[in-house]
Amino acid sequence: MATTTVPKQIGARVRRKEDPRLITGASTYTDDLNLPNAGYCAILRSPHARARILSIDASAARAMEGVLRVVTGRDVESSIGGLPVAHKIEGLLEPPHRVLAIGEVRFVGDGVAAVVAEDPFTARDALELIEVEYEELEPVVDVEEAAAGGPFVHEELGTNVAFTFPYEFGDIDAAFADAPIVIRQRIVNQRQIPFAVEPRAVAARFDRGHGKLEIWSTTQIPHLLRTQLAVLLGIPEHSVRVIAPEVGGGFGSKLNVYAEEALVGHLARELGRPVKWTGTRTEEFQATIHGRDQLADLEVAANEDGTLRGMRVELLQDLGAYHQLLTPVIPTLTLLMLPGAYALPALQVGLRGVFTNKMSTDAYRGAGRPEANFIIERVIDMVADETGVDPVQVRRRNFLTEFPAETATGLAYDSGNYDAALDLLLETADYEALLAEQAERRKRGEVMGIGIAAYVEICGLGPSAALPAGGWEACTLEVRRTGQVVVKTGVSPHGQGEETTFSQIVADALGVPLEAVEIAHGDTDYVPEGIGTFGSRAQAVGGAALSLALEDVREKARKIAAHKLEADAEDVVFEEGHLHIVGAPERSVSFQDVVTAAYLADDLPEGVEPGLASTRFFEPSNFTFPFGSHLCVIDIDGDTGEPTIRRYVAVDDCGNVINPMIVDGQIHGGVGQAVAQSLYERAVYDEEGQLVTGSLMDYAVPRASYMPSYELARTTTPTPVNPLGAKGVGEAGTIAGNPCIMNAVVDALSPLGVRHVDMPATPEKLWRALAGRDGGASPSGR
Amino acid sequence: MTTSVSITVNGRTRHSEIDPRLLLVHYLRDRLGLTGTHVGCETSLCGACTVLLDGKAVKSCALLAVQADGAEITTIEGLADGASYHPLQEAFWEEHGLQCGFCTPGMILAARQLLEDHPDPTEAEIREGLDGNLCRCTGYHNIVRAVRRAADAMSRA
């Protein structure tokens, strides 16, 4: 086809279009909204992990001056439905999840009552006047005990096990029979707190005249939220408008349908006044979803050359007290990605999801895949340790090399070249020199570790058949009369820079300047349809939908140009804002002329409708599978146990790159969150079910001086799954980072006989290992 | 009970009657509509609310508005002081020192203090100087580069 133009913007390092408003304070986040006559909502939360609610006396709060409304679970029971869980897990137990607890509270932070007052201070003061009488019950805290029996988080279920998911591939018994090497290990992915710097917030306004509810929310999924709120509140879907204004980070924690979103919508409807709720940081810690919290008991069979024979994995996922939107789905992604980058001849998995009296776990950056990659990449290093084969060689000997590659879990990896990424990594890091340096330092008694981890991630979520709520993405492209282009995309970014990257795609396709393109998102009345931004899908699925719409517009433009040039559409080429006859650039019309003709519509070719616009839905035929290899060098202070990441080198392959600056930024941030999990962060509930890491004083979100600089390089293996060839990059760093860092930690301690260390590798843990006090693999490491 | 304060914000002096328990950050956001200053933790640990008080970076969620009586406050909205952008704003843009942007105003104002203390900072000085401000998006890598770039630009100016 003669329509290809040389990309000028795609692949270029373009400064972000969204930044001017963000660096000047001119952007509007949800809490910045100041709706006239608004009431302010505050929520009374349970101080107990598990307790029966004997009585609630809100009379004093209701009588307080400035208080507009106080509601309890019973008050809203008939007007707000139960919170949803989206899944395709057979036999999943789904206990009711009310927006405010009824009868029993099930985690510290569970909502008990809501107050609306004239100002936020009065609302908070009023909370203190609500008297709740509780009968404390024995909390369910330890996930293994919870799996084994009572007490039960949901008494009526008679079990804490919400689902079991057995999986088997290949001849697992044969893999272990006569295996020369068998390794057993428990691997813990400790609970994490996502910590978007912007706390969640919701504002709502109800127009009685039209029966219309408008909701502003810190959400990654405005369209899915629209549908769910319509169902929860019993309002027709066309009468619900969800707006995600500027959103201050999500990392999966805003990929949900939260109680407050329904509650604030309902209260605005009931009061006939706008209502706003903004979470405090304490509420964020207690009542915004957590991530990870998975136990894996492994048995690995391998040959003496380091090739894998098979793996048995018992996975125990701590679900928390209720299902949030995707709670039970997350560990199924772990299961899917257990083979990592490797040919695994046999695999047996027993996965159980277990309720405990804690906040729900759900999607946190990587969502099940960091857990899987941590397991398989630790396995590779343990096999290397056991066989004496270099960890690089063990990886090479087990890599999948033919694509599409079928995995032990039934996936078909789209494209890849794992050796090439590893080659580039070793070259960039100068692996040989590092090994020599390490040998030297060890002679001097210094503690230095080198860690490598490969990864494959499952991205571009995804084919609708494989997802619980649709995996497509939608785009409406409108070329306005003046030649301005409006893109209405269903992916609703919150830091990923799609206003810039989508403009780059449009600029190349239509030959218009970046400034002539507006990327609209996050308003369900303006953007007709969409799914949202998560699972590294914005480019691979949302960008692909845009590509389809662009192709429609280009086709139509060529028809109109051909008519004006008295030629066949097949002979018209699109080039830098002009359309001309192939081989005759002087016979041309400008894109603007075509746009004008499309709207004047007084001389269009037969069968061509007026206007120049297209709406397309893109349904991916498969997931995408980005990959790469990371290396890190860690020094551990022999006296204090303090680890320092001296170098972090990452080679990533996310297919075609639209904007390298933005891709690099995603890797930096992703690895940063892996540094956080590996060395610093661990959410801890004590035996009473109290979240003892419930503040920034107790939960170690890393600061700038805790973090390394990053050295990045890239290979490029496009995916055939979408027209852009882009795979997605948002979660890669988090998925690669944990095993990379922890392999370095273990490597540093390996002369002492240490084979595994639980995350986070705190100075105390490492100091104990160095002092021979225990192996560092503290069983309480979760 | 209210109390009178006189606070100069971004060059303009305002006389206000305020509740004595009103925090400076709420005064800026709710009374003056300067919502570029964000609230991330209400406990002075995340730094999203950083503003300049008489030229020094402070966390406006940990100060009462009455404590700013008679003081000069600069928020992100006033940093460029009539120009399009302050060199720090330019540098954060150029180096991709922000993603979601929520920590950015506080980070930029903390960086301004840092460059006043260390006009030619090392990487370690930059990282330590920003330790009062949390960012979850960037891994700090490009923030450090942005501050270094701004230092170069400001030393040339």
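**Reading the two-chain model**

User: How many helices and strands does chain A have?
Analyst: Chain A has 20 helices and 28 strands. A helix here is a DSSP run of H or I with at least four residues, a strand is an E run of at least two, and both are numbered from the N terminus.

User: What makes chain A as compact as a globular protein of that length?
Analyst: Its radius of gyration is 28 Å, close to the 28 Å from the globule rule for 782 residues, so chain A counts as compact. The radius is taken over C-alpha atoms, and the rule is 2.2 Å times the number of residues to the power 0.38. Along the principal axes, the C-alpha atoms of chain A fill a box of roughly 85 × 75 × 50 Å. This is a predicted model, with pLDDT of at least 70 needed for local features and 80 or more for side-chain atom pairs, while totals for chains, interfaces and linings use all residues. Residues are numbered from 1 along each chain as its sequence is written, chains are lettered from A and ligands numbered from 1 in the order in which they are written.

User: What is the mean pLDDT of chain A?
Analyst: The mean is 95, and 98% of the residues of chain A reach 70 or more. Residues 775-782 of chain A fall below 50, though this stretch still has 22 contacts in the model beyond near neighbours in sequence. pLDDT is the predictor's confidence in each residue, from 0 to 100, and a contact means two C-beta atoms, placed from the backbone, within 7 Å.

User: Why are Val517(A) and Ile519(A) called buried?
Analyst: Buried means 20 or more other C-beta atoms within 10 Å of a residue's own; 12 or fewer is exposed, anything in between is partly exposed, and C-beta atoms are placed from the backbone. Across chain A, 59% of the 782 residues are buried.

User: How do you know that strand E20 (residues 485-489) of chain A and E21(A) pair?
Analyst: Pairing needs at least two DSSP bridges between the strands. E20(A) and E21(A) have 4, in the parallel sense, so they qualify. Val485(A) has Val517(A) as its bridge partner in E21(A).

User: Where does chain A divide into domains?
Analyst: The assignment, which is automatic or from a database, gives domain 1 (19-26 + 472-618), domain 2 (33-137 + 198-248 + 254-287) and domain 3 (294-462 + 622-770). The C-alpha centres of domains 1 and 3 of chain A lie 39 Å apart.

User: What makes the radius of gyration of chain B agree with a compact globule?
Analyst: With 157 residues, a compact globule would come out near 15 Å, and chain B has 15 Å, so the two agree. Chain B has 5 helices and 5 strands, in the order β-β-α-β-β-β-α-α-α-α.

User: How many residues does the contact take from chain B and from chain A?
Analyst: The contact takes 43 from chain B and 42 from chain A. On chain B, helices H2 (87-94), H3 (104-117), H4 (123-129) and H5 (141-156) each give two or more.
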